[in-house]
Each structure stands twice: as structure tokens, then as C-alpha cells.
Amino acid sequence: MLDQETLKQVRGVLEGINTPLTLLVTRDREYVHADTFSQFVEEVASCSKYINVEYEQGEAFSFRLIRDGKDTGIAFRGIPNGHEFTSLLLALLNADGKGRNLPDEALRRRIQNLKGEVKLSTYVSLTCTNCPDVVQALNVMALLHEGISHEMVDGSLFQEEVDRLGIQAVPSVYANGKPFHVGRGDLGELLGKLENLMGTSNQADGHDLLYDFDQIVLGGGPAGVASAVFSARKGLKVAVVAQRIGGQVNDTTAIENIISVPRTLGTQLAADLFQQLECNDIEVFVNRTFLHADLDGKVKTITVEGGEQFRAPQVILATGAKWRRLGLENEDRYVGHGIHFCPHCDGPFYKGKDVAVIGGGNSGVEAAIDLAGICHHVSVIEYSRQMKADAVLQEKLKSLPNVDIFYEKQTSELQGDGTRLTGIMVKDRQTGEEMALPVDGVFLQIGLQPNSDLVKGTVATNARGEIEIDGHNRTNIPGVYAAGDVSTIPFKQIMIAMGEGAKAALAAFEDRMYAQ
């Protein structure tokens, strides 16, 4: 199944493993994929002398990761190919104590303090770009906590099971057979949910949860990384505290408008951002969920879930933005059950069906074009008289025979049976006339909402929730700056966010010099 070039790369990744590992395959020899799936496992194992394969009789096909003769709690039902191939390689590295994704000591302690046991199953699509983050995070937690087990399930191989559970979005995580999490998630978010589910016995001493820096940057997207790099080059002791490095960049596919870089991928840019942080002696704290910001006084304090506190005289807010919601009744109920944000992840669930895309910007038109290739019909709902997407994208969209575009329309109601979405009501903004649009799924692409909740009521924000800044990225609070999509800067682009991050850092350094 794996070509020679891929096998060569895998050997390079796994060459440092020195712990005996076993891939214990459970299979039914009559299962249609038994031989090809077994070949895949054998080929991966052949890339390291420390990995072997054993077989036992069972249903369909799955395999578990065994370390030193003991079950690690990590299992794969189906083959982790496609985007999930990295999840398998990381599981092998993590079992040997290696891998950049292993959590730091504070997160490791929180995982080990979880109480009791839980069996987790994550249903994925091998084409989903968000699924690996969830799978890899839960695999790590299984490795670090004996009471946690986790299996990746390729939903396409277990369609009856997927239909019975009513899964319409990936990743979908079940805990002890009950719905636990849907959609994108990182280790910090998932750990917080597990702490709520399982409870925790926090035995940590408070003194080692306090960190002092010259400057704290909140957010790891292009603006946050640029701020940190520029500040570190001024000789400051800088910390980046974020959920993940790259932010929204991780959810972007092709990027072709960064000057001097003709084309890159979102995941590659995120990796490059992380590498540049490492090259500049910047301390990085990822998978953190912000709880409280005390910005009064000369020393600011940021508290995150788990009790850690980060203190510094200067804070740069670069927390970015998240997808905007419609704000309609029952919206939360149908997220993952008819309402979606990622066409690449959840589009395959709607093969041959009718869907709507709400939003006519670049992301909306790109989503509609992609969905038109697999869906029966796509309706694009545009709020304005014309779409804002680039002309070349609009031309492509209008050339597709199974796409209709509705201008000056507003989604006014979500219709469903309580378990899944069945349609939407669309209102004409000129006449007020409403029409019913029966659809199986809706993909929201209506822009971004700033992640400013942490500082609302403390730092001045506008009606949209964006943090108000002056021409030097200063907020209304001395020592606090903002950059990127969370701020009032008018254009939300990667290039602009990077420049704004640099401006915020330079303004902060200038203020520091004048204060001395």
C-alpha cells in the first residue's frame, strides 16, 4: 500500500525508536479489507526493528499499540491513512517518549490527575484536516493515563454504526458510548472537557504554576508570532500562550497571497511559525484555555485553566477570531447535525444531497465550489447585492450547473426534526418575503467573530467586539496592546496580521524605553 518513497520517509521518522512496540492486529480473515490492511500494518512495522506485528482472531479489522508487553490504550479501527497517517506515526513516537506534540509538565500533571476510567472513540474521515488534532490529543492522554483508552474509527468503513449514532460531522468523539465532542479541538479544550466529565484530584503545588516574563503574547497566529519574534529580538523574555500555534491558519488549505511565498499550505505555515518561535528563544505554552485577565497595575496577570498564571508588565492580545454564527434558535442543537463550518471535513457526508452555503466571500465561494463536486445541488446565500469573493472564484462558481446563487437574502429560521437539520427559511431583504429552502446541510462562511471575551469590560471594544487600538496598536490600558483579527484593524489577512504583530511589539518596546 505504501510506495518506496513514503517508506523511506517513514524509516527516517521512526529511526530513533528504541522501545519494543507491538501492533496487535485483530481481524476476520474473511473481512474484505483484511489482507490489504494487514499489508499496511506490516509495511509500517518494517520501518523499525523495534516494531513487530502480532495477530488475533476477531471482527472486521483493528489494531492496538502495545508497549513493553502492555496495552497503551491506543487503537485504530480501520487504517489511519490519509491525514490520519501522521496520527499513527506520532502514536509510535509518543509511545517511545518522543514527538513535538507531547505536553509540557503542567498539562501532563493535569492529565494524570484525572479520576476514574473512560473509553473514548473518535469517528473520523481520512480526508478531514481537523480530525488528526483530536485523535493525536486523545492518544497522548491515553498514553499518560492508565484509565483512558482511545480508538480512532474510520467512519466510512462502519457506515451502519455511523448511521445508528446519527453522526453527520467529523471528528465526532464518544465517551463511554455517549456524545462527548464534535468538530475541531485541541488538547487543552479536550482535557478541560474530560476534567468536567471525570473529575480531577489536583495535587499540584501552587508555586510552580507562576511564570514571570517581560512580555506575554496571547495567541499563536501570525500576529502573535510576529509580536513575539520582534520582541524577542529586542532582548526581552517573551512567552506565547495559546491554544495552538498557527490559529486559524491551521484550517486554511492553499495560501497564495503571502508576498515572496507563491504558495504554501496552512499547516505548513503553522509549522514554519512554530519553528521561528523556537529559533528565537521564546517560551511557548500551547493547549491553554484562558480564564481570567487582570490588567490593572504595572504587572498584568493571565490565568489559564489548570491554575497556571503568567505575569508581565506588558501584554499583547493577538487572540484572533472564530467563525461567526447565525444567532438563530436551535443553532447549537444542529451544529454537527446539519450545520457545519468545514466543507473539507464534513462535505463527504452530503454526497448526492442538497446543501446551502451561507456567505459569498472567498471562503464561502471556495466552499461552494468544493461542495458542488460531491453534492447534488448547492445554494449560495449572499446577504448583499453582490458577492465579495475574488472575480476568478465567482466566475468558476457561476459556471457550475448545480449551483444557484441567491442575492440580498438572509437566513431567518432553522428547520429540523430535533435531531438533524431539514431546511432553512430565507428572507428577501428588499421585500421581506420568505421562502423555504429544503436542504440536508448548511455550511456557515459568514466571517469571523473576534476572540475578545477574555478582556471585554476591561479593554475597550467596538460594537463588533473588536479591541480598539490606535495607530501604534495601543489599547486604552497602558501596557496592553492588540494585533491581528481581534483588533479594529479593517482588513483580516495573514500578511496584515503579521505586520500588525510587528507594530505592536515595536510600540511596546518603545513604551518600555520611554518608561525607563
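Let's start in a loop of this predicted model: Asn176 sits in the stretch between β7 and β8 (178–182). Its phi is near 50°, a positive value in a residue other than glycine. Is Asn176 buried or exposed? Exposed, because its relative accessibility comes to 51% and the cut-off for that label is over 50%.

β7 and β8 pair in the antiparallel sense, over four bridges, and Ala175 stands opposite Lys178 in β8. Pro171 itself lies in the loop between α6 (159–165) and β7 (172–175).

Now zoom out to the sheet that holds this pair. It is an open sheet of eight strands with mixed pairing, and the order runs β2-β1-β3-β4-β6-β5-β7-β8. Which strands stand at the edges? They are β2 (51–57) and β8; each has a single partner strand, so one side of each is left without a neighbour in the sheet. On average, and with direction ignored, neighbouring strands here are turned by 25° against each other. Helix α3 (residues 85–95) packs on the sheet, where it touches β1 (21–27), β2, β3 (61–67) and β4 (70–77). The direction of α3 makes about 25° with that of β3.

Leu14 is a handy place to look around: leaving aside neighbours within four places in sequence, Leu14 is in contact with Val44, Cys47, Ser48, Ile51, Leu89, Leu92 and Leu93.

Helix α8 (residues 222–232) packs with helix α14 (residues 494–515) at an angle of about 35°, their axes 7 Å apart, and α8 passes α14 in a right-handed crossing. On the α8 side, the contact is made by Pro222, Ala223, Ala226, Ser227, Phe230 and Ser231. From α14 come Ile494, Ala497, Met498, Gly501, Ala502, Ala504, Ala505 and Leu506. What kinds of residue make up this contact of α8 with α14? Eleven are nonpolar, three are polar and none is charged.

Asn473 lies in the loop between β28 (448–450) and β29 (480–482), and it has a positive phi of about 70° although it is not a glycine. Where Asn176 counts as exposed, Asn473 is buried, because its relative accessible area is 0% and buried means under 20%.

Finally, look at Lys351, in the loop between α11 (343–346) and β21 (354–358). Lys351 counts as exposed because its relative accessibility is 67%, and the label needs over 50%.

Key
Residues are numbered from 1 along each chain as its sequence is written. This is a predicted model: local features need pLDDT of at least 70, side-chain atom pairs count only at pLDDT 80 or more; totals for chains, interfaces and linings use all residues. Side-chain values use heavy atoms; hydrogens and water are left out. Helices (H or I, at least four residues) and strands (E, at least two) are DSSP runs, numbered from the N terminus. Buried means under 20% relative accessible area, exposed over 50%, partly exposed in between (1.4 Å probe, protein chains only). Contact means heavy atoms within 4.5 Å. Two strands pair if DSSP finds at least two bridges between them. Axes are lines fitted to C-alpha atoms, for helices over the stretch in contact, and angles run from 0 to 180 degrees between N-to-C directions. A crossing is left-handed if the near helix is turned anticlockwise from the far one by less than a right angle, and right-handed if clockwise. Ala, Val, Leu, Ile, Met, Phe, Trp, Tyr, Cys and Pro count as nonpolar, Asp, Glu, Lys and Arg as charged, and the others, Gly among them, as polar.
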